[in-house]
Amino acid sequence: MPGVSRNGATITAARLLGFRRDAANRISRDAALPVIAGATLLKLIRLSGARPSADHAAGFAAGFARAQQQ
């Protein structure tokens, strides 16, 4: 359906199946982790032969550092 997010669909389905709100959220998050990890791995493989510019490297380093703080 247009406009329905994966997160919203999985939470709604879990709630309809009788899961509590926190459990439905955990199921939705856990279902996304392999997809996100796979997409990240694929992107890293595709970028492994590319040489990033200094601007890209600086932006990546700043984003990585900020993510580690949270």
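How do the residues of the lining of the largest pocket divide into nonpolar, polar and charged? In this predicted model, the lining consists of 6 nonpolar, 2 polar and 2 charged residues, and the legends below begin with that pocket.

**Close-up 1. The largest pocket and the residues that line it.** The space in this pocket comes to about 280 Å³. Its lining is made up of Thr40, Lys43, Leu44, Leu47, Ala50, Arg51, Pro52, His56, Ala57 and Phe60. Two elements, helix 2 (21-47) and helix 3 (54-69), each give two or more residues to this lining, and the largest share, 4 residues, comes from helix 2.

**Close-up 2. A nonpolar surface patch made by Leu17, Phe19 and Ile27.**

**Close-up 3. The salt bridge between aspartate 22 and arginine 20.** A search of the whole structure finds 2 salt bridges, and this view shows the one in which aspartate 22 is paired with arginine 20, where the closest N and O atoms are 3.2 Å apart. Is arginine 20 buried or exposed? Arginine 20 has a relative accessibility of 55%, and it therefore counts as exposed, since the word is used for values over 50%. Aspartate 22, with a relative accessible area of 41%, is partly exposed.

**Close-up 4. The salt bridge between arginine 29 and aspartate 30.** Here the side chains of arginine 29 and aspartate 30 meet in a salt bridge, with a distance of 3.6 Å from N to O. Arginine 29 counts as partly exposed because its relative accessibility is 45%, and aspartate 30, at 38%, also counts as partly exposed.

**Close-up 5. Aspartate 30 and alanine 62, two residues set apart along the chain.** How many Å separate the C-alpha atoms of aspartate 30 and alanine 62? The separation between these two C-alpha atoms is 27 Å, while along the chain the two residues are 32 residues apart.

How values were computed:
Residues numbered from 1 in each chain as written. Predicted model: local features only at pLDDT ≥ 70, side-chain atom pairs only at ≥ 80, totals over all residues. Heavy atoms only, no water. 1 Å grid on protein atoms, 1.4 Å probe; cavity = no way out; pocket = protein on both sides within 12 Å on 5 of 7 lines; lining within 4 Å. Points joined across faces, edges and corners; volume = space filled by probe spheres on them. Nonpolar A, V, L, I, M, F, W, Y, C, P; charged D, E, K, R; others polar. Patch = residues over 30% accessible without salt bridge, like charges linked within 9 Å, V, L, I, M, F, W, Y side chains within 5 Å. Areas by Shrake-Rupley, 256 points an atom, 1.4 Å probe, with all protein chains shown as cover. Salt bridge = Lys/Arg side-chain N within 4 Å of Asp/Glu carboxyl O. Buried < 20%, exposed > 50% of the residue type's maximum accessible area, 1.4 Å probe, protein only.
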